[in-house]
Amino acid sequence: MSKPGLDAAVTYSRVMLKISGEALMGDQGFGLHPPTVQRIAREVKSVHDLGVEICMVIGGGNIFRGLAGSAQGMERTTADYMGMLATVMNALAMQSALEQVGVFTRVISAIPMDQVCEPYIRRRAVRHLEKKRVCIFAAGTGNPYFTTDTAATLRANEMACQAIFKGTKVDGVYDKDPKKHADATRYETVTYDECLAKHLGVMDASAIALARDNNLPIIVFSLDEPGGFRGILSGQGTYTRVQG
């Protein structure tokens, strides 16, 4: 039985959308590309209009990546905190774009910064979702050594999401890089254990293990495909489903 206000054809009523910071760069090599941010916001709105409750986690790699900073000699904990702050900047940009298209949005940070966003309180976040506000979870888990993939999986479980939608540059999970190998084969479905054993690069190992332990499916699709997010929720489109 679908929730009131939910389109009958929709597969899920509450989902987590995980996208990388690089997805916001467009064709630039760094930072934010406002037309790209606006395009993604319109994709999110198209799904929100179906009555689906949406959580989001956005990486920070377009501004600063903790692992890269650490590799250049910066102390890892400091580098990771800088990466978390980058995710807050991306979340605020996405909030602005979503509100410009009429979608009420809350940025919720694992690191308290009351002047710009809300602190993470699970019950309050759930209430926002029930009121059909998009919740963008920023600053990762609030801890160093954890990626935004792990943060997305953690928040998806806490919010009782029915699936994680991982928006990427390709339309699913392949046995090798499809941009480098013409004979790369796309998986229709793949298990969590296969992802870990074959290093398929869907998400990092901690995130995959957390999803597996809670039987939370991960749907990998192309964020560059117009209408792709909405199409998959309506049972169409090309994607890979990671499941038990």
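The legends below describe several close-up views of one predicted model.

Residues are numbered from 1 along each chain as its sequence is written.

**View 1**
Nine strands form an open sheet with mixed pairing, in the order β4-β3-β5-β2-β1-β6-β8-β9-β7. The edge strands, β4 (118-119) and β7 (189-191), each pair on one side only. Strands here are DSSP runs of E with at least two residues, helices are runs of H or I with at least four residues, and both are numbered from the N terminus. Two strands pair if DSSP finds at least two bridges between them. Strands of a sheet pair through backbone hydrogen bonds, either parallel or antiparallel. Threonine 189 stands opposite arginine 241 in β9.

**View 1. Strand β5 and its two partners.**
Five of the five residues of β5 are buried, where buried means under 20% relative accessible area, exposed means over 50%, and partly exposed lies in between (1.4 Å probe, protein chains only). Val134, Ile136 and Ala138 are on one side of the strand, Cys135 and Phe137 are on the other, and both faces are covered. β2 pairs with β5 in the parallel sense over three bridges, and valine 57 has phenylalanine 137 in β5 as its bridge partner. β3 also runs parallel to β5, joined to it by five bridges. The bridge partner of serine 109 is alanine 138 in β5.

Helix α1 (residues 34-48) lies across β1 (14-19), β2 (53-58) and β5 (134-138). Its direction is at about 155° to that of β2. Axes are lines fitted to C-alpha atoms, for helices over the stretch in contact, and angles run from 0 to 180 degrees between N-to-C directions.

**View 2. Valine 103 in a loop.**
Valine 103 lies in the loop between α3 (76-100) and β3 (105-109). Its relative accessibility is 1%, so valine 103 counts as buried. Leaving aside neighbours within four places in sequence, valine 103 is in contact (heavy atoms within 4.5 Å) with Lys45, His48, Leu98 and Val134. Aspartate 49 is 54 residues from valine 103 in sequence, and their C-alpha atoms are 9.1 Å apart in space.

Arginine 133 lies in the loop between α4 (122-130) and β5. Not counting residues up to four places away in sequence, arginine 133 touches Ile54, Phe104, Arg106 and His128. The side chains of arginine 133 and histidine 128 are joined by a polar contact of 2.9 Å. A polar contact is a pair of N or O atoms within 3.5 Å; within protein, one must be able to donate a hydrogen and the other to accept it, and residues adjacent in sequence count only if both atoms are side-chain atoms. Between the C-alpha atoms of arginine 133 and serine 234, 101 residues apart along the chain, the separation is 21 Å.

Glutamate 53 is buried because its relative accessible area is 4%. Arginine 14, at 9% relative accessibility, also counts as buried.

Glutamate 194 and lysine 198 form a salt bridge, with their closest N and O atoms 3.6 Å apart. Both residues lie in helix α6 (residues 192-198), four residues apart, about one turn of the helix. Glutamate 194 counts as partly exposed at 28% relative accessibility, and lysine 198 counts as partly exposed at 44%.

Definitions and conventions. This is a predicted model: local features need pLDDT of at least 70, side-chain atom pairs count only at pLDDT 80 or more; totals for chains, interfaces and linings use all residues. Side-chain values use heavy atoms; hydrogens and water are left out. A salt bridge is a side-chain nitrogen of Lys or Arg within 4 Å of a carboxyl oxygen of Asp or Glu.
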